[in-house]
Amino acid sequence: MADNHQRIHPVDVEAAAATPTAPLVSRDASKSDQGDPAVHQGGEQYPPFRRTIPLAQSKPPKRRRRSCCCRCLCWTLSLILLLVIIIAAAAGILYLVFRPKLPKYSIDQLTISDFQLSTNNSLYARFDVTITARNPNKKIGIYYKKGSRLSVFYSDTKLCEGALPVFYQGHRNTTAMQVALTGQNANASGLLASVTEQQRQTGKIPLTLRARVPVRVKVGKLTLRKVKFLVRCGLVVDNLTADYTIRIRTSSCKFRFRL
């Protein structure tokens, strides 16, 4: 009888358990009686394992600098608004105290001493105009400064020009000024013929007087900066004959000022 000896070799259980073994059958090919281990016994499926990789955090915005800029902008706008309110209040107080009114101007008389062609076909003109300036203000005076210019036009053609005198017009004052205007137009035979024909047909000749007058306004004891009075007067006369009584049929003046 042969000796059947069984040889028993020692096995390291911990090493065998630690050694990974590949599955004999893929999960999709066969399922055990217990079902898919990824599925819970109650039928619910565990969510797949996901590994979250933290992203690099960006630097937080510099709120402090932005808030400083916002504060500066708010303060600037507030100061501007406050300044506007102060100026408006001061202007309102000045208006209530002084009650400013615009001056008024009128053309009262026109005399023509020269309006004829010379031998070289040039038209020489000399007009003497009486202008009345009225200052209706109780507490405001007007300084008429040097550098004014008055011009008379016929159909956009300048006939003559001159200047107002330099003077001070006090409160509620009316001043009449006689201003001499002279001018010359070369090759003016057509211009004189047009004036003569219009006078013959209608008996009316429209003229325009434009004035640019630098002035300084005195409000109480305060004299303001220099401004310009712009006056435009439209008048209609019956003729432009030299050494003849000129009758003004209509006259109207418009006034505005510019800094």
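**A walk through the strands and cysteines**

Let's start with strand β8 (residues 205-219) and strand β9 (residues 222-237), which pair in the antiparallel sense over 14 bridges. Strands here are DSSP runs of E of at least two residues, and helices are runs of H or I of at least four residues, numbered from the N terminus; two strands pair if DSSP finds at least two bridges between them. This is a predicted model, in which local features need pLDDT of at least 70 and side-chain atom pairs count only at pLDDT 80 or more, while totals for chains, interfaces and linings use all residues. Residues are numbered from 1 along each chain as its sequence is written, and side-chain values use heavy atoms, leaving out hydrogens and water.

What else links β9 and β11? Cys233 lies in strand β9 and Cys253 in strand β11, and these cysteines form a disulfide with sulfur atoms 2.0 Å apart. The pair therefore ties together parts that are 20 residues apart in sequence. A disulfide is counted when two cysteine sulfur atoms are within 2.5 Å, and a search of the whole structure finds 1. The torsion about its S-S bond is about 110 degrees, so the disulfide is right-handed. Cys233 is buried at a relative accessible area of 1%, whereas Cys253 is partly exposed at 26%. Buried means under 20% relative accessible area, exposed over 50%, and partly exposed in between, using a 1.4 Å probe and protein chains only.

Cys68 is in no disulfide, and the nearest cysteine sulfur, that of Cys72, is 6.7 Å away. For Cys70, the closest cysteine sulfur is in Cys74, and at 6.5 Å it is too far for a bond. Cys70 is partly exposed, with a relative accessible area of 44%.

Finally, have a look at Gln169 in strand β6 (residues 167-169). Gln169 is buried, with a relative accessible area of 0%. Its contacts (heavy atoms within 4.5 Å), not counting residues up to four places away in sequence, include Ala133, Ile142 and Tyr144. The C-alpha atoms of Gln169 and Ile142 are separated by 5.2 Å, although the two residues are 27 residues apart along the chain.
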